[in-house]
Structure formats: C-alpha cells, structure tokens
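Hello,

Here is the structure I said I would pass on. My notes follow below it.

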Amino acid sequence: MAILGVQVVFSLVMFTFLHKLAPYYSIGRWILSKRLYRYLHPTNEELKQLAAGNTTGKPANLSGKAKRRKNTQAASPDETFTVPRNIPLELDQAQVEDIDLVTLQYYSEYTWLMDFSLSALVIYVLTEIYYVITPHRIEFNLSVLWCLLAVAFCVKILASQAWLYMRTEEGGERVLLFTFTFFFLVFAMGVLVVGDNIIEFGIEEGYKNFSLNAIEFLEKQGTSSHGPVSFLTFKIVLAVMGMLVGALLTFPGLRMAKLHLDTLKYTQGRKIMQMIVQLNYVLPFVLILLWVKPVGRDLLCGKTMRFGKSLFYENQFDGFRLHILIIMCGLRLMLMPVFLQTHLNLAHEKVENIKKETGRISNTELQKTVARVFYYLCVVAIQYAAPILLILFTTFLLKTLGGFSWSSLFGETAEEFFNGGTKPVTKYPSINIDSSAVNSIMDSAAHLTGALGDIKGIFSSVWYRGVITYFLWWVVTAWFSSTSLGVMYYSQSS
C-alpha cells in the first residue's frame, strides 16, 4: 500500500493553488476588498476652503477612481499650513478595492496567512472524508503537517508584530508587553499547580505514558534511564511556553476588546446583531469552563446529580467541546468584516474628537490621522484572525493526534459507523537475512521502519491529548483574559 496515497494529490492541488491561483483569487483579499468602506482624508484645497469659511467648494459624490486620484494627489503634499481644529469637515467614503490594499503594512503576510489557512482547511476536510470512506489504512495523515504549518505561520506573524511593539520606544507598548508577560507567567504556573481533577488537561497521565514509553524504547536500545525529565521540569517548560503564548496574544486581545466595544456602539438599535456580538465575546469563557471538571464534565455528564438524566456521556462530552470550539471560530470569522469596518470607522470618530478641541492643527497631521486608520487595516486583520486560526488548527491537531472523533457527539452508533470499526494494528514484516545485497538493503529498511515505529510509539495519543489540550485551553484563556482586561480599561477610559 502506498505510504501517502491519495493525500499527496490533495497536497499537490493545494500547492498549485497557492503558487498559481492565489495571486488572482485570494480569500484574504476578498474579505477586505469591495466589502468594506474607508474614509478619505481631505486634500489641501478642501482644508483651505473650509478654513476660509467656504464650505461650498467641497466636491461630493465622486467616483471611486476620482476619490483615489484625489487621495493620491494629497498623499505627497508640497506645503504645510495650519487650520482650526473645529472646522466643519465631513469625510468622504470610498469602497475598499484591490489596488488600495497593496501598499498596506503586513498585506503580504495577511494574504499568505489567510490563503494558506484556507488550503490547510480544505486538505483537512478532504482527508477526514477520505478516512471515513477508507477506514482501514496505515498511511501517515498528511493533514497533520498542514495544520502544524498553519499554527507555525500564526505564531510567526504574531511574534513579528510583538517584536515590532518591543522596538517601539514611545507609547508604552514595551512596558505593557513586559507587564502582561509576567502576568501570564504567574497565571500559567498557577494553572499548572491545579491538578487534573480540577482542570482536566490530562497532563499527568500524558507525562506518565510518555515516560514509560521512553524508558521502554531506551531499554530496547540497550540504554538504562529513569525517564527523560522530571515532572516538575516538564511543568516549568509548559509554564514558560504558556508565558510566551500569552505575550503573543496580549495586543490581539486588547485589539479585540476595542473592536468589541466599538462594534456594540455602532450597532445600537440592532438588537440581534448586538446579541451575536455579545455571544461572540462570551463563547471563549464558556469553553474555558467546559474544561473545569466540576463545572463541565461533572455537571453536564450528571456525576454531581443524584436524580435526573445526564446531558452527555463521556465520549459525547469530548465531541461536544470540539464542536463548540469550531462554532466559536466560525462565528468569529463570519463577524470579521463587521469588526474590520468598525476599525475603519475610527477615522470619522477621530475627526469628530478633533472638532471638539480648540486651537489649530497642521494639514499633514490631520491627513495622517485619517489615513493611518486605513494604513493599519491589515495589522488589525492579522490581530483578529491569527488567534482564531491558531485555535482552529490546534483543535484539528487535538482531534487527530488525540484520538477523538467528530461523530462521538451523536452517540456510539454514529462513531462506529464513521470510524469503520476498530483500527487494525500495524505490523512490520520480518525479513530473513541472507548474503544477498538486496535482502540486506531490505533488512536495513525494515529495521529502520521498525525503529521509526518505536519512536512514534513514544508519543502516543495520551501524550498528545494532554499537551495539546493544555495549549488549546491556554490560548483561549490567554486571549479571553487580555480581551477582558482591555474591555475593563476601555470602558473606564471612555
């Protein structure tokens, strides 16, 4: 049987899409272009007319090309002057088009992240369908590699933005980042002190399974060992990694808080939309509680009830949490254009705040205040989408490597139907050694395959389940914590 089989076809098709078609058909560009409206900064002529008291010379109802030409001419002013802050300035709106996005900061990183994530999602879905159709297989699940790459790209882009904030000497971003980093270190250590009987990560069981498998593997190699690392050292490593993840999610969380409050303000009078936005904010907190055993499993599975029927069985509850994670990510991705439009509306809000002040302001400063909002659109889009994609593909890794099933939510009958019964155990063929060179090569290949199988056996599904569950829960918790702190700050400062 082929080692990879039909999965290679899926990967080749997606590679072709990324290489050939992504420059023309991009999901990231589609989300931003022709779906959002930006505010155009005023030209020097308009500011002079308004400052002189002539408000009738302001052009109105310009076409998209005329508006872009007007802003292109004003983008490189050849003179600087001041105007009163309280001039009756009204900003024009223009639909965001493809050509407007090319010069934005982090545009290439944003489009690559979104296009690659879409390709990884398609491959994962096709692979899951393929595994349902052909349940008895021994080939490597290639979608795991795509999910790992998607997670790596999310972390890389978030790290590049965090490093950009670190190099900023003004504004206090560096101090804020250090403060949250220390906070998440203490928070992670406190979470890891709590046992699995409170927060059911499965870290202790996973560590024991990993240690026993590692000791057994080393004994087969003729090496005596008491285990790779101590459990305390293992927890310290997890705490440090949790600290780094929390630092990367600091500014995305604060950005999410600002967008959440502004979206609630702009959607006043639309009760259904406000309910959806509030649900979007609350869902991560619900997910956090689902991993708290007394609140989640014990309550919903009926372990704390003397009378009455439980809502879920044990396996159903695991599938329920996975489905809630997918629903949360899907809801946030669907609301992405709404939140990005909220960010673009900040240009109008900043101009209105300037009108309430006294004194004068230079034309370049006023134009930059309006243009800067659109210039950082892709930065905001990355801060919004990267944590969602990180959670989404970590959920896929937990399901695949942790041995869970999407169909477990619908009962044992559905799980047996979609999984195709019990998976066969992979057995490696024994090769008879003789003096032939061909047989010698085949024998070496068989021993190498067996050694790789032993190494793979060290990292069992129990190990993956404990480690990935911790990081998945921690990403949701860190993101929600920074968002909640941001909501409290912006609510008091507004």
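The charged end of Arg 35 lies over the ring of Trp 30, at 4.2 Å from the ring centre. Please keep in mind that this is a predicted model. Another arginine is placed in this way: Arg 332 has its charged end over the ring of Trp 479, and the distance to the ring centre is 4.5 Å.

Next, the aromatic rings. With ring centres within 6.5 Å taken as a pair, there are 28 aromatic pairs in the model. One of them joins Tyr 470 and Phe 471 in an edge-to-face arrangement, with 5.1 Å from centre to centre and 65° between the planes. Both Tyr 470 and Phe 471 are buried. Elsewhere, ring pairs connect five side chains into a cluster, namely Phe 15, Trp 112, Phe 116, Trp 146 and Phe 153.

Helix α18 covers residues 377-401, which is 25 residues. From the first C-alpha to the last it spans 36 Å, close to the 36 Å expected at 1.5 Å a residue. Most of α18 is covered, with 23 of its 25 residues buried. After the helix comes Gly 403, where phi is positive, near 75°.

Regards

Terms used. Residues numbered from 1 in each chain as written. Predicted model: local features only at pLDDT ≥ 70, side-chain atom pairs only at ≥ 80, totals over all residues. Heavy atoms only, no water. Phe/Tyr/Trp six-rings, centres within 6.5 Å; stacked < 30°, edge-to-face > 60°. Buried < 20%, exposed > 50% of the residue type's maximum accessible area, 1.4 Å probe, protein only. Lys NZ or Arg CZ within 6 Å of the ring centre and 35° of its normal. Helix = DSSP H or I, 4+ residues; strand = E, 2+ residues; numbered from the N terminus. Expected span 1.5 Å × (residues − 1).
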